[in-house]
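Here's a walk through one model, going from its ligand shell to its sheets and helices. Have the viewer open as you read.

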Amino acid sequence: MPLKKLISFNLFASLNDTIEYFNIAKVDKKFIMLGAFLSFLLMLVNLYSVSLLFPLANSLITKDFSILAKQPLIGSIVSKFPNLFSDPLILFSFFGLWLYGTIILKSALKYALFICTNEQSKKASLLVREAIFNRYLLFGKRFYDNTTISHLNHIMLNSTKSLKMQLDLINNIVVEVSSLLVSLGIMLSISWKLTILVFLVVPIHIVLSKKAKKGITTLSSEQAVAERNFTDKLIDILNCMPLVKGFSQEAKELDKFSKVNAIEVKKDTALQRRMQLFQPVQEILSTTTTLIVAGAMGFLAISDPTITAANAIVFLYLLLRVNPNLTNISNFDTRLASISPQSKMLKEIFDDTDKYIIKGGEREFNGLKNKIEIKNLNFSYEPTKKVLEGVSFEIIKGDKVALIGPSGVGKTTIINLLLRFYDCPKESIFIDGIDINEYQVSQLKSKMAFVSQDLMLFNDTIEANILYSNPTLSKEKLKEIFNKTILNETINSLKDKEQTLIGEKGANLSGGEKQRIALARALAKDAEIIILDEPTSSLDPKTEEKISELMQTEFKEKTVIVIAHRPAILQKVNKIAVLNKGKIIEFGTKEELEEKNVLKDYFKQKTN
Ligand SMILES: Nc1ncnc2c1ncn2[C@@H]1O[C@H](COP(=O)(O)OP(=O)(O)O)[C@@H](O)[C@H]1O
Ligand SMILES: [Mg+2]
């Protein structure tokens with residue numbers, strides 16, 4: 001039977017993943033060695049204590065206790081005090097105490113092993129989680145566009161579970177392999193012929209049991225997929241609950257949920273059933289193996305005097321151990337393979353491919369001195385669809401520039417590139433004559449404040465959400481900002497004032513209130529470049545008018561880029577860029593565009 005079939009070579013690939021995993025978790029190699037060593041000692045003590053039971057039973061049956069004095073370790077002590085141990089009762093009692101001692105030693109080793117692997121895996125879990133979170137912080141916006149939160153959550157939660165499984169697995173490998181070698185050594189010393197027979201019969205058993213197990217592996221991966229679909233669906237529905245209610249789709253969602261739920265339960269039931277069926281198959285196979293060897297033993301015993309009754313019992317006992325030993329060893333690849341998806345996911349997290357990490361350059365950015373130039377900017381998210389084509393315009397320091405145009409023409413894309421959310425093509429955007437790619441990303445962002453189209457709010461207090469951009473802002477300044485963003489009335493009407501919790505994604509607030517909090521957060525930062533993506537779209541005309549005044553008061557000295565299409569803001573800016581289908585169709589001062597009648601034409605169109 002080729003070894004390759006018994007232990008698939010995938011084992012080595014999976015082991016490699018495990019080692020990488022340990023490196024990420026900074027698992028101390030010394031602890032792994034110590035754990036393995038303790039496991040090995042435990043196995044020896046285990047085997048030793050069990051091996052003492054046979055002579056004990058033998059001596060009780062034959063009433064000849066001298067055999068006890070011949071056992072390893074205990075024998076050397078007994079032989080030092082021949083007078084004391086000549087009394088069979090003392091010898092028997094001492095033997096009993098000796099057995100007790102081995103059990104205590106075994107328990108102590110087990111505890112030490114637990115401490116060693118458990119503490120280590122807890123410490124490693126801490127580091128693995130931190131390392132994963134650090135990676136999450138690094139990934140670009142585009143990565144998050146294409147990934148579900150439940151998937152990232154799954155990786156985070158399962159990383160620790162599989163870490164513990166891998167540490168246990170290493171110890172198990174040591175135990176199984178070493179115990180196999182020790183057992184085989186003893187078996188060989190009893191009868192090499194029978195040992196060879198064992199080697200002929202046991203592999204057949206393993207191959208058959210592997211065949212029986214194949215279905216389990218397939219079912220187990222199907223069950224994992226079903227479980228993931230279940231959580232993904234659940235989170236998706238929960239996230240859109242207002243929509244479900246708004247369109248009265250409860251029955252339909254229940255139906256969708258029931259489907260994924262039923263599939264998950266069905267797969268799990270099938271898996272459990274298969275696992276239950278596997279146990280009797282395993283038992284029948286191992287009984288067959290034992291019967292074959294026992295039969296051969298009976299046959300050999302006729303002509304071979306070394307096969308005594310005691311030897312035969314020891315041999316069969318060891319065979320019963322070797323059998324699961326070999327099966328376990330041959331199953332290491334499947335066990336590793338079951339952890340392998342986890343290791344793979346983790347490996348993927350630590351690989352930079354498709355993470356859209358924005359690296360930036362080395363150049364310092366100490367503030368805008370002159371202008372931002374967008375020169376022949378072409379951009380697409382997907383290779384097949386152009387989003388921006390040859391976009392060019394300039395933003396002079398202190399300008400208030402509005403980007404207008406129908407929905408989907410690429411307005412948000414332009415500011416996403418300015419904000420370095422996505423990597424922009426080289427030599428397309430220049431700040432003070434230097435390609436934006438050359439600046440340090442963090443320095444660039446430190447000079448910018450923004451309000452995004454989809455408002456991002458933490459499930460925290462109003463104050464915490466506003467101070468997010470500037471935690472050191474004074475109380476007075478914060479009050480001023482409440483005034484400027486017309487938030488004071490809202491805040492005063494709340495029981496906990498600015499300490500009111502706003503709920504998940506600001507669920508306890510109106511759209512306009514959320515928008516004004518996002519604006520307040522941008523104001524709190526007091527940055528010199530302000531980027532606003534439809535900051536007043538949810539406001540009533542009166543509030544919008546007041547907010548628009550910020551352009552000439554609060555933002556007077558600042559450079560502002562604002563996506564807007566309503567007159568209130570457009571009247572307060574000095575330049576306007578009109579976009580259509582990814583191109584700039586007009587750019588100029590408000591007066592210039594008014595002269596060309598562009599704005600009038602534009603307002604006739606329906607915009608977002
Ligand atoms: N993350 C993304 N991945 C792929 N396509 C995108 C992404 N974001 C926007 N788009 C596409 O790019 C085009 C421009 O989008 P956007 O800049 O948001 O338009 P606007 O802000 O002018 O309404 C749209 O066709 C949109 O579907
Ligand atoms: Mg947009």
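## Around ligand 1

The shell around ligand 1 splits by class into three nonpolar, six polar and three charged residues (Ala, Val, Leu, Ile, Met, Phe, Trp, Tyr, Cys and Pro count as nonpolar, Asp, Glu, Lys and Arg as charged, and the others, Gly among them, as polar). Twelve residues surround the ligand, with D145, Y381, K411, T412 and T413 the closest; a residue is near a molecule if its C-beta atom, placed from the backbone, lies within 6 Å of it. Helix α13 (residues 411–418) gives the largest share of that shell, three residues. Helices (H or I, at least four residues) and strands (E, at least two) are DSSP runs, numbered from the N terminus.

A word on the ground rules: this is a predicted model, where local features need pLDDT of at least 70 and side-chain atom pairs count only at pLDDT 80 or more, while totals for chains, interfaces and linings use all residues. Residues are numbered from 1 along each chain as its sequence is written, with chains lettered from A and ligands numbered from 1 in the order in which they are written.

Buried here means 20 or more other C-beta atoms within 10 Å of a residue's own, exposed means 12 or fewer, and partly exposed is in between, with C-beta atoms placed from the backbone. K411, T412 and T413 are on the buried list, along with I414, I415, N416, L417 and L418. After α13 comes R420, with a positive phi near 65 degrees.

The helix lies across β1, β2 and β4, at about 60 degrees to β2. Contact means C-beta atoms, placed from the backbone, within 7 Å; axes are lines fitted to C-alpha atoms, for helices over the stretch in contact, and angles run from 0 to 180 degrees between N-to-C directions.

## The four-stranded sheet

Those strands belong to an open antiparallel sheet of four, ordered β2-β1-β4-β5. Strands count as paired if DSSP finds at least two bridges between them. At the edges, β2 (388–396) and β5 (434–435) have a single partner strand each, so one side of each lacks a neighbour in the sheet. Inside, β1 (residues 371–379) and β4 (residues 429–431) run antiparallel and share three bridges; one to look for pairs I372 with I431 in β4.

## The six-stranded sheet

The other open sheet has six strands in the order β6-β7-β8-β3-β9-β10, and its pairing is mixed. Its edges are β6 (448–451) and β10 (583–589), each with a single partner strand, so one side of each has no neighbour in the sheet. On average, neighbouring strands are turned by 15 degrees against each other, direction ignored.

Five bridges link β7 (residues 529–533) to β8 (residues 559–563), and these two run parallel. L532 has V562 as its bridge partner in β8. Helix α18 (residues 511–525) lies across β6 and β7, at about 175 degrees to β6.

## The α9 and α11 pair

Helices α9 (residues 192–239) and α11 (residues 250–303) pack at about 175 degrees, their axes 9 Å apart.

L285 is partly exposed, with 19 other C-beta atoms within 10 Å, and touches H205, L208 and S209, leaving out residues up to four places away in sequence.

Notes: Two residues are in contact if their C-beta atoms, placed from the backbone, lie within 7 Å.
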